[in-house]
Amino acid sequence: MTNEQIAQDLVAKFGEDKIYGIMENYGLLNVTTSVDTIVPLLHYLYQHPTFKFQFLTDLAGIHFPDAVGQEFGVIYHLHSLENNVRLIIKLYVPLESPKVPTITGLYATANWMEREAFDFYGIIFEGHPNLIRILNVEDMDYHPMRKEYPMEDATRQDKIDALFGR
Amino acid sequence: MSDVALVSSPNVGIAKSGENKKYVNELTTLNLGPTHPATHGIFQNILTMDGETIIDSEQTVGYIHRAFEKIAERRPFYQITTLTDRMNYCSSPINNMGWHMTVEKLLGIEVPKRAQYMRVIMMELARIADHIICNSVLAVDTGAMTGFLYVMQWREHIYEIYEELCGARLTTNMGRFGGMERDFSAEAIRKIKHFLSEFPKGLREFESLVKRNRIFMDRTTGVGAISSERALNYGFTGPNLRATGVDYDVRVMNPYSSYEDFEFEIPVGTTGDTYDRFLVRGEEMWQSLRIIQQAMDNLPEGPYHADAPHYYLPPKQEVYNNMEALIYHFKIVMGEIDAPVGEVYHSVEGGNGELGFYLVSDGGRTPYRLKFRRPCFIYYQAFPEMIKGSTLSDAIITMSSMNVIAGELDT
């Protein structure tokens, strides 16, 4: 079971318009999919008789402010423990409606991971049982990992980026 | 929270005998934490109790959230090592080296064999330090203080070895991209050998106090059990997953840093309860000792770091006397070296599970995005399910045996 086989199987099953951006990063297969495909795709991979991607290693949010219409990304790290193969699935959603269907129905572990992505990026996981902030305080009115929020106080004069090579 | 629904539920408390009728439907909300001696860290459990039985619980985490992922987007790679120290602070060398290996993967640096073996030795020492704390504190939470005091001196010996290698004890910042910052000194080798010869006695003494202790076994057997299917669905890794019978260990599945050279076994449990977690950790310490012994016996000669002048700080003596070394020193310290564009995921077997680093680099001096896969954060969400229907005292030892480290939970 090689990365090529997995990619070919997924393209054959879901079509080239749903599975794209296939590449290998340091031996790790990356595919990109669309928002409406993610749940059937993860179910398919979970129930596949040979692939058996039944372990969700991690779920990460990411923000690309310059990619118009694809500002937010969600990155799913899957692991097939039986075959010892890892797979990364990405999807992108626009800033205006950053809505992604939840996968807590398939993976119980996605609960806190999705809450974390919501907390830091404001990605809405539709159907999540308890989508509230997890690490930040509940009355916070912004999502701090978005790129427009500077880490340091922007009004300070002594921390000019040019002086620090940034 | 669902306590409103629970209070109004007509079935709650019905099974109580006749004389308790007037207490039917009276539920208590109990705050366990955020600062409570038994949580070993700052996180809150809001328990809904029916008498002594836990009906529901809700976790509040984030009390020591320090925004490491955001800070990392602002820092050059070498400054992020100090952030990883402060995640699982019981085994910081593993975090440091996991991060170094992630960056080496991105940069394509080949680490010499001696440095890899040195890393293995330090990582296994860190694993022992992590597991003796977890196991002995579990004994403390069941009421046995003695064992904890006995094994503390062995953690002290491990910290002295850290000191020999990097000068620090808890937040080690050990190693560099490309290897270690200094070779084992004669004193370090003496201390490691002393540890290897003496620690088995200490561990055996601890085990003779606790392992087959009837009271301890009664207290922990069958408590906080989870099936392997639920554990996998909850993303368990590390000793907690292995206690349920799944032999997943990153050191064997995706060997890094020459782990494939060593012979060791993966202990697994059967029922996934507190006692199994205790036994798995106990046996893992013996296996770690085996690995350290093999690495010390076969420690290769050669350089202890890779030839990567763009990322590896030159020795101080050269900085003062050599123009190139001075330039590299300046460029590294000021973070003026751009990393290549790329995405890399690397994971190591941390003290309590698969510790992963997902690094997205856009070619700048800092990561574009860095996601830490913290095993604690992921498996702690199973805690309500594991303690449902048990008593408060069982919940405390379940939490203790899960080895939840607040620093890692909250980054």
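**Entry 1: domains of chain B**

I started with the domain assignment of chain B, which gives domain 1 (3–60) and domain 2 (68–410); such bounds come from an automatic or database assignment. The model is predicted, so I kept to its limits: local features need pLDDT of at least 70, side-chain atom pairs count only at pLDDT 80 or more, and totals for chains, interfaces and linings use all residues. Residues are numbered from 1 along each chain as its sequence is written, and chains are lettered from A and ligands numbered from 1 in the order in which they are written.

I noted 36 Å between the C-alpha centres of domain 1 of chain B and domain 2 of chain B. I then looked up their contact (C-beta atoms, placed from the backbone, within 7 Å). Twelve residues of domain 1 of chain B meet 19 residues of domain 2 of chain B. On the domain 1 side I listed four nonpolar, six polar and two charged residues. In this scheme Ala, Val, Leu, Ile, Met, Phe, Trp, Tyr, Cys and Pro are nonpolar, Asp, Glu, Lys and Arg are charged, and the others, Gly among them, are polar.

**Entry 2: confidence**

I checked pLDDT, the predictor's confidence in each residue from 0 to 100. Chain B has a mean of 87, and 94% of its residues reach 70 or more. Where pLDDT is low, the predicted coordinates should not be read in detail.

**Entry 3**

I counted three helices and seven strands in chain A, taken as DSSP runs numbered from the N terminus (helices H or I, at least four residues; strands E, at least two). Their order from the N terminus is α-β-β-α-β-β-β-β-α-β. The C-alpha trace of chain A spans about 60 × 35 × 30 Å along its principal axes.

I looked up the contact between the chains and found 34 residues from chain B and 25 residues from chain A. On the chain B side, helices H2 (68–72), H9 (228–233) and H15 (375–379) and strands E4 (341–350), E5 (353–362) and E6 (369–373) each supply at least two residues. That side of chain B divides into 14 nonpolar, eight polar and twelve charged residues.

**Entry 4: H4 and H5 of chain B**

I compared helix H4 (residues 92–107) and helix H5 (residues 113–142) of chain B, which pack at an angle of about 140° with their axes 7 Å apart. Axes are lines fitted to C-alpha atoms, for helices over the stretch in contact, and angles run from 0 to 180 degrees between N-to-C directions. H4(B) is therefore oblique to H5(B); under 35 degrees is roughly parallel, over 145 roughly antiparallel, 65 to 115 roughly perpendicular, and the rest oblique. The contact residues include B:Ile94 and B:Met97 of H4(B) and B:Met122 and B:Ala126 of H5(B).

**Entry 5: B:Trp154**

I placed B:Trp154 in helix H6 (residues 146–166) of chain B. Is B:Trp154 buried or exposed? B:Trp154 is buried, because 21 other C-beta atoms lie within 10 Å; buried needs 20 or more, exposed 12 or fewer, partly exposed lies in between, and C-beta atoms are placed from the backbone. Not counting residues up to four places away in sequence, B:Trp154 touches B:Ile132, B:Phe199 and B:Gly202.

How values were computed:
Two residues are in contact if their C-beta atoms, placed from the backbone, lie within 7 Å.
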